[in-house]
Amino acid sequence: MPRAGLTPQRVTDTAAQLVDREGLQALALARLAGEMGVAPPSLYKHVGGLEDLVGRVASLAVDMLAQALAASVMGKSEASALRALGEAYRRFAHDHPGLYPLTQHHAGALAASAQRTVEIVIAALEGYQIPSERLIDAVRMTRAALHGFVDIEIAGGFARPEPVEESFTALLEMLDAGLRRLGRE
């Protein structure tokens, strides 16, 4: 009989908190069971092992990112939507340093969740009036720019003393100019 209060969602949420605090390398079923006050075999009644649990945590991370992005761009278009999208993306990565990498490396297993994120980016870029045959280029360009910047920033790759915020603003301005150009073609 499953322990009262132990559900797949609670196991996933607790695992996500652990990953966010200490990174994916800290996630082990024995460690998670200890944090939840149960024996490790109890977890197998709710998740199908470590690989299944990592997939669930990754799906949760992608859903959280999609929610943050959707909320940020609501009612905005063009440069204001792009700026809001970029800031929400960057904030998510900083607020969830353990979960953010999972939004990038488990896309194959998370097709539906990842597609929702793509649809949000497409909606945010709608005001640029990019032709449909170039829209995927615009989405990839936006994702690559945001992820590249955030990934380098979080890894400490911008070690110079100049403020990183100014560089991020410049990136968004350059991305805006490129998207406007795609829309005019």
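The legends below describe close-up views of a predicted model. Residues are numbered from 1 along each chain as its sequence is written, and side-chain values use heavy atoms, with hydrogens and water left out. Local features need pLDDT of at least 70 and side-chain atom pairs count only at pLDDT 80 or more, whereas totals for chains, interfaces and linings use all residues.

View A. Ser72 belongs to helix H4 (residues 50-73); helices are DSSP runs of H or I with at least four residues, numbered from the N terminus. With 11% relative accessibility, Ser72 is buried (under 20% relative accessible area, 1.4 Å probe, protein chains only). The Ser72 side chain lies 2.7 Å from the backbone oxygen of Leu69, and one of its polar atoms is 3.4 Å from the backbone oxygen of Ala84. Beyond neighbours within four places in sequence, Ser72 is in contact (heavy atoms within 4.5 Å) with Ala84, Leu85 and Ala88.

**View B. The ring pair of Tyr89 and Tyr100.** Aromatic pairs, defined for rings of Phe, Tyr and Trp (its six-membered ring) by centres within 6.5 Å, number 3. Tyr89 and Tyr100 form an edge-to-face pair, because their ring centres are 5.6 Å apart and their planes stand at 85 degrees (edge-to-face: over 60 degrees). This pair joins distant parts of the chain, 11 residues apart: Tyr89 in helix H5 (residues 78-95) and Tyr100 in the loop between H5 and helix H6 (102-105). Tyr89 is buried at 6% relative accessibility, and Tyr100 is buried at 3%.

View C. Phe149, Phe158 and Phe168 are linked into a cluster by ring pairs. Arg90 sits over the face of Phe168, 4.8 Å from the ring centre (for Arg, CZ within 6 Å of the ring centre and within 35 degrees of the ring normal).

Terms used:
Helices (H or I, at least four residues) and strands (E, at least two) are DSSP runs, numbered from the N terminus. Buried means under 20% relative accessible area, exposed over 50%, partly exposed in between (1.4 Å probe, protein chains only). A polar contact is a pair of N or O atoms within 3.5 Å; within protein, one must be able to donate a hydrogen and the other to accept it, and residues adjacent in sequence count only if both atoms are side-chain atoms. Rings of Phe, Tyr and Trp (its six-membered ring) pair if their centres lie within 6.5 Å; planes under 30 degrees apart count as stacked, over 60 as edge-to-face and the rest as tilted.
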